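Here's a quick tour of how the pieces of this protein sit together. Have the structure open and click along as you read.

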Amino acid sequence: MDWLDWFDAHDYEIARQVLQRGVGALAFVAFWSTLNQFRPLLGEHGLLPVPVLLQLASRLRGPTLFRWGYTDRRLVAVAIAGLVLAASVILGLPQLGPPWLPMLVFLALWILYLSIVNVGQTFYGFGWEMLLCEALFSVAFLGSINEPPPIMIVVAVWWLVFRLEFGAGMIKIRGGSEWRDLTALMYHHETQPIPNPVSRQAHLLPKWFHKGEVLGNHFAQLIVPFLLFVPGPVGSSAAAVVILTQLWLIVTGNFAWLNWITVVLAASAVTDSAWHWLIPAIPTDLGTDAASTPIWWFVIVAAVAVLLLALSWRPVQNLFSRRQLMNASFNRWMLVNAYGAFGTVTKRRIEIVVEGTLAESPDGDAEWREYEFKGKPGDLRRMPPQWAPYHLRLDWLMWFLPLGRIWEPWFEMLLLRFLEADAATLKLIRIDPFDGQPPRWVRARAYHYRFSTHAEYRETGERWVRTLQGEVIPPAGLR
């Protein structure tokens, strides 16, 4: 209908394609990560079994399909269903039909992943989990290729990017002094949870460069987000700044899909005209042959927009609160959340190294061997691997242990599983030093890790230098 023409975002067809397929691709990664890791971490015989949570919890974090019972088979069914649905939107199949078809597919993905997150406990307590849930819900109402994308949902995605970026910027300004004196990134590349192949080279860049990184971060997170709401070249340029800063974080770190999904969401502000200017081969008349918007679709989208607007009040309050919450959800459905990361930066990297021995007695003559994890530093010569956007949940939680959380219940269970040589648990790590044979004793020691300088690397071939800090868990055996 012509009188609904204002409802259509005619210059954002590529943005819709990027949003639907990009969020779908990251949902595929999230379900794949769940399929590979959930059972040994949270399954029937996991480190924090979901059946125990369901028995003890009087109220869960939010709605879940597992509320009426959990089994590993049901988890596999949920994960595979998520993979299939995510693959369908990557290929663009639901988008070929009426607008309600991609809506139902994305809402199903949202419910499936929400069900996992709400029983995932500390292993699913990261900000990008709720971010993915919110993104899946939001892009569900972008419609199909048969009608123009609705401007209200495009703006809702801009609002999501604003909260994501501006919230992170405010957390930093209110956080550690290292963000105000511009020294934060002199430490961050070395002490971030899981470094990647470029992290060491980034850390060894000169101090003036690191100060420039912090200034650029403040500009990108505290000023640029406001410009996203200016349609046309200004919004497209603001989106480009956000994308470029996130690409630098992708190149230098392993933050699961946090930076990747930010790139996808920020692309929502790039117009088709801007894409044509950048790549002239892209036509300027994309989506112009789409049919007019049906009145019933307008009613659905308008209702969703009103819902998101109503849910925005508490996140807005939080942004300007002196006690700003980081990565917080104000409702059980994980919609319109508060985001933020790294309000303070760790200055020294302490790694917990788990060792085992086959010796009868864990005395001075015992030969101790180290368990090697897939992502966290261990072997001094090994180049830090690239894992993102895949999420190594166990490795991430290992990073938190020396920050005052060494007696986490899941870590005690991990040591027990090592003593049992549990096959499922051992698949979560890179090297089992005993090749499936159970050790008699295990222990945990703390080491200070730092990147080697260029001169140290030329001399030793080691990318890390470590110093023993002490024993944090003494030898323990099954007896």
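Trp296 is partly exposed, since its relative accessible area is 38%, which falls between the 20% and 50% cut-offs. Keep in mind that this is a predicted model. Trp296 sits in helix H15, and it belongs to a nonpolar patch on the surface together with Trp100, Leu104, Ile295 and Val299. Taken together, these residues have about 470 Å² of accessible area. Two elements give two or more residues to the patch: helix H4 (100–117) and helix H15 (295–310). H15 gives the most, with three residues.

Now for the strands. Strand S3 (residues 441–451) has 10 of its 11 residues buried, so the rest of the structure largely encloses it. S3 pairs in the antiparallel sense with strand S1 (residues 349–357), over nine bridges, and Val353 stands opposite Arg445 in S3. S3 also pairs with strand S4 (residues 464–476), again antiparallel and over nine bridges. There, Ala444 has Ile473 in S4 as its bridge partner.

Tyr371 and Phe418 are both buried.

Tyr449 is in strand S3 and Trp464 in strand S4, 15 residues apart in the chain. Are these two buried or exposed? Tyr449 counts as buried because its relative accessibility is 0%, and Trp464 is buried as well, at 1%.

Elsewhere, Tyr12, Trp158, Trp159, Phe162, Phe166, Phe226, Phe229 and Phe320 form one aromatic cluster. Some rings have a charge over them: Arg393 lies over the face of Tyr124, 3.7 Å from the ring centre, and Arg200 lies over the face of Tyr457, at 4.9 Å.

On to the charged pairs. Side chains of opposite charge can pair when their charged atoms come close. How many salt bridges turn up in a search of the whole structure? The search finds 14, including these:

| Salt bridge | N to O distance | Burial |
|---|---|---|
| Arg163 and Glu134 | 2.5 Å | both buried |
| Glu351 and Arg349 | 2.7 Å | both buried |
| Glu355 and Arg443 | 2.6 Å | both buried |

For Glu355 and Arg443, the link runs between strand S1 and strand S3, joining distant parts of the chain 88 residues apart. Those are the strands that pair over nine bridges. As for Arg349 and Glu351, they are linked with Lys376 in a network of salt bridges.

How values were computed
Residues are numbered from 1 along each chain as its sequence is written. This is a predicted model: local features need pLDDT of at least 70, side-chain atom pairs count only at pLDDT 80 or more; totals for chains, interfaces and linings use all residues. Side-chain values use heavy atoms; hydrogens and water are left out. Buried means under 20% relative accessible area, exposed over 50%, partly exposed in between (1.4 Å probe, protein chains only). Helices (H or I, at least four residues) and strands (E, at least two) are DSSP runs, numbered from the N terminus. Two strands pair if DSSP finds at least two bridges between them. Rings of Phe, Tyr and Trp (its six-membered ring) pair if their centres lie within 6.5 Å; planes under 30 degrees apart count as stacked, over 60 as edge-to-face and the rest as tilted. A charge sits over a ring if NZ of Lys or CZ of Arg is within 6 Å of the ring centre and within 35 degrees of the ring normal. Patches are made of residues with over 30% relative accessible area and no salt bridge: like charges are joined within 9 Å, nonpolar side chains (Val, Leu, Ile, Met, Phe, Trp, Tyr) within 5 Å. Accessible areas come from the Shrake-Rupley method with a 1.4 Å probe; for residues, only the protein chains shown count as cover. A salt bridge is a side-chain nitrogen of Lys or Arg within 4 Å of a carboxyl oxygen of Asp or Glu.
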